[in-house]
Amino acid sequence: MMELNDTDRIRYQRQISVPGWGEEGQARIKAARVFIAGAGGLGSPVAFYLAAAGVGEITICDSDRVELTNLNRQLLHSDERIGELKAESAAKTLRRLNPGIQVVPNSEHLEGTNARRIIGKPDILLDCLDNYATRYVLNAYSIEHGIPLVHGAIWGWVGQVTFLSPPVTPCLKCIVPTPPPGGIFPAVGVTPGVIGTLQAMEALKFLTGIGTNLMGTMLFFDGEEMTFNPLQVRRGVSCPACGHLPV
Amino acid sequence: MVQLRPASEMDAPGIRTLVHQAQLNPLDLDWPRFIVAVSPDGELVGCGQVKTHRDGSRELASIVVAPAFRNQGIARAIIEHLSGSHPGMLYLTCRTSLGSFYEKLGYQIIQKEEMPLYFRRISHLFRLMNKAHLVGDGLLVMRREQESNICGLAE
């Protein structure tokens, strides 16, 4: 277990004082390693909040470069970063936000063949991606290595979030067996803000051991109608990704 | 010739597989409510059930025929069997593309105001998934209104 120093005790005082969190919970956060796949609209709030909370080591992976069209929602980046690799830009922002944590940028494209080297053995995976091909790579890694995955996705005003930890929960392929149509999708900047923030909340609860995660529940948010709707989700008995795991 | 019979406990895994492969609702698949279609060599090739929701509404659900046995009237036979054995009002949900098939079997599309709570909620969730681009087709809620032929009582 990581020891907290005096600066930690001051910096994280307001969350240490949350019932059940305490110095022990903060020490768990400090010892934690997380992998954030995607440094875009979802990855921004996820990375900001996990860094601010004092997560000891954050790997953030994205092979894209910052573009002007990203800036309505990808708050890790700004005008002067246009053209920079998003992972590097994210690391600069996060280190400035919290110099007391380790940020590891990775600008490779995540694939099945390099996943083991890029991801390693974090405590939790965060799906902040914008395409299902890579989401399925992350899902397969989560299943193979038994690492929980917090899935988040958005389209326009709508987004969804769930906590995946098969065989206790379904995997992503149980819930979304075939990839929805890809391509450039519309995004109200606040939508990934809401969903990414919920993903960060799910990760912090898991890392501290506090509360209940969205296991077996996909939470849908519709910003246009300002509704949250939980949908119960179950494992697919013949799921090609996790069907081999015990029921 | 494919035959229909009430499901037995041994059919439960096959029912789950059929429903999952068809990407239908994987919840509430209790085998005692099901009828199954079985090929001459005993293979489970289709299924269907009527389930009752907490709001009291009843749903014709989990209607599946294995791909190799489609276009032989098996789905129609399952639906007619279940409809006949469950007189009174029955609801169903289906993809928009299947609406005309169910219309031929006496079901009519209903609007949100006419839906029981369960179907209003399902319809809303499906619309959300559609809005989130997780599903490509729309969802219809349909209803069959039929006088009971048991003791002449309408439900």
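Guide: Welcome! Two strands count as paired if DSSP finds at least two bridges between them, and strands (E, at least two residues) and helices (H or I, at least four) are DSSP runs numbered from the N terminus. This is a predicted model, where local features need pLDDT of at least 70, side-chain atom pairs count only at pLDDT 80 or more, and totals for chains, interfaces and linings use all residues. Residues are numbered from 1 along each chain as its sequence is written, chains are lettered from A and ligands numbered from 1 in the order written, and side-chain values use heavy atoms, leaving out hydrogens and water.

Visitor: Which hand does the β-α-β unit of S2(A), helix H5 and S3(A) have?

Guide: With the strands pointing away from the viewer, a clockwise path from the first strand over the helix to the second is called right-handed. The unit formed by S2(A), helix H5 (residues 86–97) of chain A and S3(A) is right-handed.

Visitor: How much area do chain A and chain B bury between them?

Guide: Contact means heavy atoms within 4.5 Å, and 23 residues of chain A are in contact with 17 of chain B. Buried area is the accessible area (1.4 Å probe) that two parts lose on being put together, summed over both. Carbon and sulfur atoms hold 64% of the total, which is about 1900 Å².

Visitor: Which residues of chain A lose the most area to chain B?

Guide: Three residues together make up 26% of what the chain A side buries. They are A:Trp155, A:Phe220 and A:Val237.

Visitor: What meets the side chain of A:Glu225 in a salt bridge?

Guide: A salt bridge is a side-chain nitrogen of Lys or Arg within 4 Å of a carboxyl oxygen of Asp or Glu, and the count between chain A and chain B is 3. At 3.4 Å, N to O, the partner of A:Glu225 is B:Arg127.

Visitor: Which strand gives the most to the side of chain A that touches chain B?

Guide: Strands S6 (158–164), S7 (217–222) and S8 (227–232) of chain A each supply at least two residues of that side. With 5 residues, the strand giving the most is S8(A).

Visitor: What is phi of A:Met226?

Guide: Most residues other than glycine have a negative phi. A:Met226 lies in the loop between S7 and S8 of chain A, and its phi is positive, near 55 degrees.
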